[in-house]
Amino acid sequence: MSTVQPMLDLLEHLTSAPGGQPNPITASLLLSWLAHPLQHPHGKLSKALILRGPRGNGTAMLLDAMDLIHGAAYLPLGSAKLLDEPFNGFLSGKRLVKFDELPTVHKHREHIKALMCHPTLQINAKAQPVRTELNRLNLVFVTTDATPIGPDDRRYFLIDTAPPAQTRPELYRELIHWRGRGGAIDFGEYLRQYPLTKDFLAEHAFEGRPA
């Protein structure tokens, strides 16, 4: 078995059609979205990822792996309400930021829009002068909310993830063992080698950013 096969099986499950049939196009797009920040650490994706679906279907296992892969560049921020804080030093140097809900308040949506679109970040950390750094933040939202995204939906890449009932129970056990064997390291290398198509880059990544 490939050292990344359990994670590929999970991605096949998460992106499968309602009847459980594999959806290789969506799976490839998800892999590409996950791969881009690793292959282009100074670049930026133009769309935020939304993983929408029921709890317990394996999404957390995927993001746990991304946490291990990105290390200090990964930020589980939780709620967009934290963007209201006067100090935002927690964003400095981050590459992948996970939110546990979609922003619903207008000002939070505006904060998110700025994080997705502006090429630079103004970092205001406590007891430090304000500084400007390259905005390389890529945002992922995990939600059970079926509410439409809103007028800025073109800025989001939405995947409706499959329910737990559609997968093999043993897959979760395989993933736990896989993680314990250091499988996230192998998955990180897999993503760094994953082929990104011109069509994906044209639709999902900003042009003109250093690679």
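Predicted model: local features only at pLDDT ≥ 70, side-chain atom pairs only at ≥ 80, totals over all residues.
The C-alpha trace of the protein chain spans about 50 × 35 × 35 Å along its principal axes. Buried residues make up 47% of the 211. Also, if you take contacts between residues at least 6 apart in sequence, 75% of them join residues at least 24 apart.

Now the inside. In soluble globular proteins, nonpolar side chains tend to be buried together. Here, the largest nonpolar core has 35 residues, and the ones with the most contacts inside it are Trp33, Leu62, Met66, Phe187 and Leu191. Which elements give two or more residues to this core? They are α1, α2, β1, α3, β7, α5 and α6. The largest share comes from α2, with six residues. There's also a second, separate core of 19 residues, and that one includes Ile50, Leu77, Ala80 and Tyr156.

Not counting residues up to four places away in sequence, Phe187 touches Val4, Met7, Leu8, Leu11, Leu31, Leu62, Met66, Ile69 and Trp178.

Three of those, Leu62, Met66 and Ile69, bring us to a helix pair, because they sit on the α3 side where α3 meets α6. Two packed helices are described by the angle between their axes and the distance between the axes. For α3, residues 59-70, and α6, residues 183-193, the angle is about 80 degrees and the axes are 9 Å apart. Anything from 65 to 115 degrees counts as roughly perpendicular, so that's what we call α3 and α6. On the α3 side you have Leu62, Ala65, Met66, Leu68 and Ile69, and across from them, in α6, Ala184, Phe187, Gly188, Leu191 and Arg192. By type, the residues of that contact are eight nonpolar, one polar and one charged.

Start with Arg155, in the loop between β6 and β7. Buried or exposed? Buried: Arg155 has 13% relative accessibility, and the cut-off for buried is under 20%. Leaving aside neighbours within four places in sequence, Arg155 is in contact with Ser46, Lys47, Ala48, Lys113, Met116 and Cys117.

Next, Pro41, in the loop between α2 and β1. Pro41 counts as partly exposed, at 25% relative accessibility. What does Pro41 contact, once you leave aside neighbours within four places in sequence? Arg95 and Arg136. Pro41 and Arg95 are 54 residues apart along the chain, and their C-alpha atoms are separated by 7.5 Å.

Last one: Ala127, in the loop between β4 and β5. Ala127 has a positive phi of about 60 degrees, although it is not a glycine. Ala127 is exposed, with a relative accessible area of 86%.

That's my tour, folks.

Notes: Residues numbered from 1 in each chain as written. Heavy atoms only, no water. Axes fitted to C-alpha atoms, helices over the stretch in contact; angles between N-to-C directions. Helix = DSSP H or I, 4+ residues; strand = E, 2+ residues; numbered from the N terminus. Parallel < 35°, antiparallel > 145°, perpendicular 65-115°, else oblique. Contact = heavy atoms within 4.5 Å. Nonpolar A, V, L, I, M, F, W, Y, C, P; charged D, E, K, R; others polar. Buried < 20%, exposed > 50% of the residue type's maximum accessible area, 1.4 Å probe, protein only. Core = buried A, V, L, I, M, F, W, Y, C linked by side-chain atoms within 4.5 Å.
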